[in-house]
Amino acid sequence: MSTTTAQDVTRRDFLYIATGTVGAVGTALALWPFIDQMNPDASVLALASTEFDLAPLQPGQGVTIKWRGKPVFIRHRTEEEIKKAKETPLAELKDPIARNANLPPDAPATDENRVTDGTGKVNPKYLVQIGICTHLGCVPLGEAGDYHGWFCPCHGSHYDEAGRIRKGPAPRNLDIPPYKYISDTKIVIG
Amino acid sequence: MSGHATYEFKNPVVRWIEERLPIFSVIRGQAIDFPTPRNLNYWWTFGGIAATMLVVQILTGIVLVMHYTPHVSLAFDSVEHIMRDVNYGWLLRWLHANGASFFFIAVYIHMFRGLYYGSYKSPREVLWMIGVIIFIAMMATAFMGYVLPWGQMSYWGAVVITNLFSAFPVVGETIVQWLWGGFSVDNPTLQRFFSLHYLLPFVLAALVFLHIWALHVVGNNNPDGIDVKSEEDTLPFHPYYTMKDLYAILIFFLVYLGFVFYSPWYLGHSINFAPANPLSTPAHIVPEWYFLPQYAMLRAIPDKLGGVLVMFGSLIILLFLPWLDTSKVRSNRYRPLGKIFFWLFVIACLTLGIAGSQPAEGAWLTVARIATAFYFAYFLVILPLLGKIERPKPMPATITEAVLSKH
């Protein structure tokens, strides 16, 4: 039995491993376009921001508009609602984070932080939030639930006057989208 | 198990092909002469019934696609077009929609049969596991198919189910946007669901092939759960079981077609006759009946991630069943305690189904929690312990002895 020389082994091994590696890495790289094609495409990402005129909204009136295919709740809150939301102690909240895209991610869920826009302007009259339950994505009903804020009929989540989760399976307060005031009564979302 | 007999074919064309591709001897050996236990009861016909339903779904599905349009602005109308304008469109659509339900009925009975008679035990572990994968794949197929008519329940079902993935920490949101192809369930979602709903049934067919292959390596289990010892214990598959299966399929079809012709929407939800509206969620979202037990488990847990893990866990745990059940006796015919707990398990599953159809509050929530606890306890506590404490009844030595003792 002859022993194979070290040189032969090294050369063959190198060719096998190199071929195998190129094949494996090549296949892995080729996979990416097939995966990435499912991500949001350019036309979806390019969806323009939405402007909204707050002036016609009366106190106690809310509307739902569409932004990036999602419902956005805009509510002109009554004095009483603002008062109740402000008086709620933070300790009672299920989710103590503001969930406001215009604020740092650790901002506490005070009523002020729920109505702050991208420039830092605070206007407690108008609450702007993404109308999607943070549980499994249903659209909550307005002026409903134990806290007279929003109530999700799908799995029973109750949100308060500031859209903060108080009861039920939802883990987070309703999200506040990025928006800013472009005049005293006009906002642009996105 | 498969016979090793060499077949001599007389027809020269058959002989010529057989020498090049032994397809005729495979058919003879696996579908005609295949030795099958002589004591199989009617619960054993549900595998054949399920396979038949898969064929019905593929055939009706292929022709429905000739008339359906996967686009958010056209999908709902194209389904109505199928119902009103296409020749026999109503029939094909109802066959397909009810076919999904009856496919699940057959598969659920088939699974409970395997559970009762211990068909998952050695040497049939791989056979069982392929079956579990088939079950999960057909759940995905059914879910995506239900989205295609783009009614209110289609849409909101898609929203709720895809949002399950948002429960996973860190990557959840990215996964959901990847599934949607956007920031909400929209046209890209509908189109990819359509593509996958067409693909998956063929994946299912391939899995069913593997399932049957695994079955033919180890052979059928039987109601007594004892191994085949001699030829006396078996019958050739054809004509004994081809005819028995066919008879069961015909009875099953009477019920299936009864629904199709007389109450085609009995198992559906009338809100799905309203076109999808992304701005308004229907008051009471429920999945199709075949997902209700899993849905009840999802809602029984007050934590989002916990609920999702429990729901997926209820399926994954089935893969480990062959090793969780420690009893050496297969059939519950000879397991006095196993039998009792099996029926309690069936009741727990049915209870979960009812709880899943009710709003998640009050007494039903408590009931769902107890049933969920029992579901997991059955696999993780009861089956592992029973094998150690139970005294099985005396078993017959052979299948023939078991059969003849009754006559």
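Student: What makes the largest nonpolar core a core, and which residues touch the most other members?
Tutor: A nonpolar core is a set of buried Ala, Val, Leu, Ile, Met, Phe, Trp, Tyr and Cys residues joined through side-chain atoms within 4.5 Å. The largest one has 138 residues, and those touching the most other members include A:I74, A:I187, B:F104 and B:F379. Helix 6 of chain B, residues 125-147, gives the most to this core, with 14 residues. Helices here are DSSP runs (H or I, at least four residues), strands are E runs of at least two, and both are numbered from the N terminus.

Tutor: Keep in mind that this is a predicted model: local features need pLDDT of at least 70, side-chain atom pairs count only at pLDDT 80 or more, and totals for chains, interfaces and linings use all residues. Residues are numbered from 1 along each chain as its sequence is written, chains are lettered from A and ligands numbered from 1 in the order in which they are written, and side-chain values use heavy atoms, leaving out hydrogens and water.

Student: Why is B:N98 called buried?
Tutor: Buried means under 20% relative accessible area, exposed over 50%, and partly exposed in between (1.4 Å probe, protein chains only). B:N98 has 2% relative accessibility, so it counts as buried. It sits in helix 5 (residues 89-116) of chain B.

Student: Which residues is B:N98 in contact with?
Tutor: Contact means heavy atoms within 4.5 Å. Leaving aside neighbours within four places in sequence, B:N98 is in contact with B:Y256, B:F259, B:V260, B:P264 and B:L267.

Student: And why does A:R68 count as partly exposed?
Tutor: A:R68 has 30% relative accessibility, so it counts as partly exposed. This residue is in the loop between strand 2 (62-67) and strand 3 (70-76) of chain A. Its phi is positive, about 55°, although A:R68 is not a glycine.

Student: What about A:E143, why is that one partly exposed?
Tutor: With 43% relative accessibility, A:E143 counts as partly exposed. A:E143 lies in strand 5 (residues 141-144) of chain A.

Student: How many helices and strands does chain B have?
Tutor: Chain B has 16 helices and 2 strands.

Student: Why is chain B called as compact as a globular protein of its length?
Tutor: The radius of gyration is taken over C-alpha atoms, and the globule rule is 2.2 Å times the number of residues to the power 0.38. For 407 residues the rule gives 22 Å and chain B has 23 Å, which is close, so chain B is as compact as a globular protein of that length.
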